[in-house]
Each structure stands twice: as structure tokens, then as C-alpha cells.
Amino acid sequence: MAENEIMYVCKRTVVSTKPVQPGKHHPLSVLDRHMEKNHLRVVCYYKGPRGQEEAGEITKRLRESLSEVLTHFPIMTGRLIQNDKGHWMIKCNDAGVRMVEARAKGNVEDWLGSVDRGRELMLVHWEDMYYKPYFWSTFYVQVTEFEEGGLAIGLSCIHLLADPTCATMFIKAWADTTLPRKMLAPPFFDPLPPRRPGNTIPNHKPYTALIDHYNFSLHNSNPSTVAKHTTITLSFSDHMVQACMDMTQSSTATPNKPSPSPFEALAGLFWVCISKVKSLRNGLLNMSICLDARKVLGLHKAFFGNCMIYNKVHSDGLEEHKLSQAARAIGEVVAKMDSEGIMDLIEWLEQNESPISPLMNSCDLICSNLEVVDIHSSEFIEKLRPIQVSYYVESVFGIGQVLIFPAPPGEGPLGRVAMVTLPEDEVIKLCEDELLLQFSPTILMGVNRTHA
């Protein structure tokens with residue numbers, strides 16, 4: 001059992017090497033506040049020099065570099081308080097982050113050969129918010145050394161303060177500080193941009209579809225937790241992602257229309273396959289996509305804060321289980337999510353904010369595009385990059401969730417990893433789906449490898 005394979009050595013508080021300026025506070029945006037009920041977990045696996053260092057030496061170095069890098073991330077070491085409107089904000093008081101140090105039996109390769117969702121989550125510590133938030137750490141890190149070689153680094157945080165891009169940004173900064181190197185992308189803690197008058201389109205009509213989706217979520221956040229969910233991780237090679245993109249090109253496609261992106265093709269694939277798994281015979285199930293809007297809004301890529309936007313993909317009029325139409329519908333929604341439309345949403349949210357934060361993942365199948373994350377260049381040990389990475393956006397309710405992000409560089413520029421969270425019985429059916437099997441995904445985690 002995994003409980004006997006992992007020994008938790010200690011849990012300590014790590015503070016930054018330089019104190020934060022007294023009286024500093026950090027306000028949270030309306031996009032931040034919308035994600036209060038969710039949290040993130042990230043796990044990175046590394047091969048390690050076996051037997052070259054005593055147990056705990058790597059952890060000690062990481063603890064020291066963690067303290068250094070936290071100097072650049074004051075909101076991570078702060079604590080939640082409420083302003084006079086009852087909105088959360090961060091008091092930057094350098095109270096620190098919690099760090100868990102652990103040891104695991106065996107080596108990292110053997111662990112990955114039999115890992116599942118439950119075992120993996122033991123490598124990334126998380127604690128729900130206390131009844132006294134001011135004493136609660138919003139970020140946790142866990143460093144697990146494998147006795148026979150290898151390392152796992154886990155990061156968890158409340159989604160209120162960071163999205164997956166932020167989590168990746170911090171891990172990369174921590175790695176850069178450890179070797180040591182110069183931090184390549186210091187974080188930007190700027191507010192969301194206001195609508196610029198010069199960018200306002202004359203007679204502009206708000207993007208009501210995006211607003212309607214958030215409005216629906218505000219009034220329909222009743223999670224269903226009847227089924228027990230599990231997670232499977234599938235890896236698609238460059239060649240197979242290209243094959244999927246080619247299959248989504250319908251014979252009636254117009255020549256000047258851009259071909260689907262890897263995300264649109266794979267999201268369409270899972271939309272169709274999961275609809276079949278759930279025995280939908282007429283059309284496709286309800287699905288929403290989630291995209292990083294930093295580039296669209298003109299924000300710096302190192303912007304630290306929530307910038308993931310959800311939107312509904314409507315299946316009305318689509319033929320049953322037709323991949324090309326599913327991918328095209330996703331691409332059309334992506335194309336409509338421009339700067340003006342997202343600013344419409346932000347302004348509407350600010351004017352219509354509910355005192356109770358919604359659950360953006362309580363009704364539909366959620367398919368998130370994490371293609372902007374670049375965690376595979378994070379080297380905590382010289383010339384050793386992650387051999388496998390996992391992302392979780394918790395808790396998962398409703399129909400299920402698909403997270404799509406880049407595969408390690410060795411898989412090619414189009415290589416992608418998909419982490420799919422569904423009720424347990426549906427995961428097995430998904431792995432046996434004929435359409436999915438045409439693209440020969442490698443099962444990295446979740447079920448018996450014979451289903452690949």
C-alpha cells in the first residue's frame with residue numbers, strides 16, 4: 001500500500017529571505033474570486049543521482065532555494081483577509097508557505113509504473129481552508145525523495161490566488177533559483193487591464209454568449225458528488241496529434257479556413273468519445289472549454305493571477321459523434337473569445353458579482369487548454385528535466401474534466417498529454433473506445449496498462 005511506501009518526515013513553514021514591506025496588501029480580481037471554491041495540484045517527477053547524496057540533502061537545498069524565490073512572490077507567503085466589501089485580499093505579512101518533506105521506497109521509475117490518482121495525490125499535500133483563514137497557508141509544497149533514486153515535487157494552492165499558468169511559473173522560478181540561475185521571468189502582480197477607449201469598437205454589442213455562460217454558472221452551482229471519480233493520463237505523440245488534426249478536417253471545409261489546433265482536435269476527440277461512454281445516442285453532451293486569456297488581453301506572460309476563461313460549446317445541430325464537427329464547433333468558440341468579449345465579461349462580473357462564489361465546473365464536461373504552460377524546462381538538478389508531470393484542478397464535479405498540456409520535448413512539438421477525470425466505470429470504457437484507440441495513446445497513469 002502507498003501509505004506504507006511514503007514516510008512523512010516533517011511539515012515546516014518556510015519564509016522568504018527578505019522581509020516584505022510592512023503594510024503591503026494585494027487585492028484580488030473578480031476572476032480570482034470566481035475560483036475560490038477550487039484548488040490546484042501539480043506534481044513533477046525527476047530522475048535523480050542514485051546514492052550520490054545522503055538522504056535529505058536535495059530537500060535541504062530545495063528548502064533553501066524556496067526561501068530565496070519566495071522573496072519574489074509575496075502573495076504566496078501572505079494570508080487572506082477581507083476588505084470592507086467582504087472581498088478577499090492578501091495581507092503580505094511573510095507568514096510563509098507550508099513545506100512537507102517525505103521519503104518514498106523504491107525509485108521513481110517503479111513508482112510511475114504503478115501510480116494512480118490516489119497514490120499520486122499523496123505526493124502533493126493539501127489542506128482545506130481553516131475556519132480562521134488568517135492562520136491558513138494558501139500554498140503548500142511537498143518534496144519527496146525516493147530511496148533508490150528520483151524526486152517528486154508537489155505544489156498545491158487555492159485557485160483563488162493562482163491558475164495553472166501561475167503554478168507553473170512559480171515552479172520554473174524555483175528551479176531557476178535552485179541551480180542557481182537568473183530567474184528568467186519574474187512575476188507581474190498587476191491588476192487586470194481596464195478597457196482602453198481606443199480599443200472600444202463603435203456601437204459595440206457585448207459578447208452575450210460568454211456572459212450568459214457565467215450567469216448560468218452563478219445560478220446553477222449545485223455539484224453532484226454521487227459518483228467516485230478517478231483520473232487517467234494519456235500521452236499522444238506528435239504523429240498521432242497530427243493524425244487527429246487531419247481527421248478533424250471535413251471534406252467540406254473551406255480552403256481559407258485555418259486547420260484546427262492540437263487543443264481543438266483533442267478536445268473534439270474527447271468530447272465525442274466521452275459522449276459515447278456516457279451512452280448519449282442523440283448528439284453530444286454539454287461541454288465548456290477553459291482558455292488562458294493572457295495573450296488575448298495583452299498581459300505579460302508572467303502575469304500572476306487568474307486569467308483562465310470558461311465558455312460554453314453548443315452542440316445544437318451537430319451530427320452524432322462526428323469528430324470534424326465537434327472540433328469545428330470548439331474552434332469557432334475559441335475564435336470568438338477576443339479581448340473585447342473577455343473585457344465585456346469582466347465588466348459584467350464586476351457589476352453583477354454574487355456574494356457566493358460559483359463552481360465553474362459543476363455542470364458540464366470541462367476541457368481546459370494548458371498548452372501555454374512550459375514546465376518541462378524546470379531543472380532543479382543540473383541537466384535533469386521532469387520525466388512526467390501531472391496537473392489537477394480540484395474538486396471535480398458534474399460530468400468530468402479533461403486537461404490538455406504539452407508532452408515532454410522528446411514527443412515532438414505537437415505531442416500532448418491529456419489528464420481525464422471521470423467516474424471510475426467510465427474511465428475503463430473510455431480506454432476501450434475505438435475512435436480513441438485509433439490514435440494509440442500511451443497510458444501513463446490510471447488503469448491497467450493492458451487497456452492501452
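Which glutamate forms a salt bridge with arginine 385? The partner of arginine 385 is glutamate 379, with the closest N and O atoms 3.0 Å apart. Here, a salt bridge is a side-chain nitrogen of Lys or Arg within 4 Å of a carboxyl oxygen of Asp or Glu.

## About the model

This is a predicted model, in which local features need pLDDT of at least 70 and side-chain atom pairs count only at pLDDT 80 or more, while totals for chains, interfaces and linings use all residues. Residues are numbered from 1 along each chain as its sequence is written, and side-chain values use heavy atoms, with hydrogens and water left out.

## Salt bridges

Side chains of opposite charge can pair when their charged atoms come close. Searching the whole structure turns up 14 salt bridges. In the pair we began with, arginine 385 is partly exposed at a relative accessible area of 42%, whereas glutamate 379 is buried at 8%. For these words, buried means under 20% relative accessible area, exposed means over 50%, and partly exposed lies in between (1.4 Å probe, protein chains only). Salt bridges with shared partners also join Arg12, Arg63 and Glu101 into one network.

Let's look at a member of that network and its partner. Glutamate 101 forms a salt bridge with arginine 12, and their closest N and O atoms are 2.8 Å apart. This pair links distant parts of the chain, with glutamate 101 in strand 6 (residues 97–104) and arginine 12 in strand 1, 89 residues apart. Helices (H or I, at least four residues) and strands (E, at least two) are DSSP runs, numbered from the N terminus. Glutamate 101 is buried, with a relative accessible area of 4%, and arginine 12 is partly exposed at 32%. Lysine 11 forms a salt bridge with glutamate 127, the closest N and O atoms being 2.5 Å apart. Here too distant parts of the chain are linked: lysine 11 belongs to strand 1 (residues 6–14), and glutamate 127 to the loop between helix 5 (117–121) and strand 7 (139–146), 116 residues apart. Lysine 11 is partly exposed at 45%, while glutamate 127 is buried at 12%.

Tyr130, Tyr131, Tyr134 and Phe135 make a nonpolar surface patch of about 490 Å². Patches are built from residues with over 30% relative accessible area and no salt bridge, joining like charges within 9 Å and nonpolar side chains (Val, Leu, Ile, Met, Phe, Trp, Tyr) within 5 Å. The accessible areas come from the Shrake-Rupley method with a 1.4 Å probe, and for residues only the protein chains shown count as cover. Tyrosine 131 lies in the loop between helix 5 and strand 7 and is exposed, with 73% relative accessibility.

## Aromatic rings

The structure has 13 aromatic pairs. Rings of Phe, Tyr and Trp (its six-membered ring) pair if their centres lie within 6.5 Å; planes under 30 degrees apart count as stacked, over 60 as edge-to-face and the rest as tilted. Tryptophan 126 and tryptophan 136 form an edge-to-face pair, with ring centres 5.7 Å apart and planes at 85°. Both tryptophan 126 and tryptophan 136 are buried. Another edge-to-face pair is tyrosine 391 with phenylalanine 405, whose centres are 5.0 Å apart and whose planes meet at 65°. Tyrosine 391 sits in strand 13 and phenylalanine 405 in strand 14, 14 residues apart.

One aromatic cluster is formed by Tyr46, Phe73, Phe170, Trp174, Phe189, Phe304 and Phe380.

## Backbone and cysteines

Most residues other than glycine have a negative phi, and most peptide bonds are trans. The peptide bond from glutamate 394 to serine 395 is cis, with omega near -10°, and serine 395 is placed in the loop between strand 13 (388–394) and strand 14 (400–406). Aspartate 94 is not a glycine, yet has a positive phi of about 55°; aspartate 94 is buried at 16% relative accessibility. Lysine 383, also not a glycine, has a positive phi of about 65° and is exposed at 72%.

How many disulfides are there? The count is 0, a disulfide being a pair of cysteine sulfur atoms within 2.5 Å. For cysteine 367, the nearest cysteine sulfur is that of cysteine 290, 9.6 Å away. Cysteine 367 is buried, at 0% relative accessibility.
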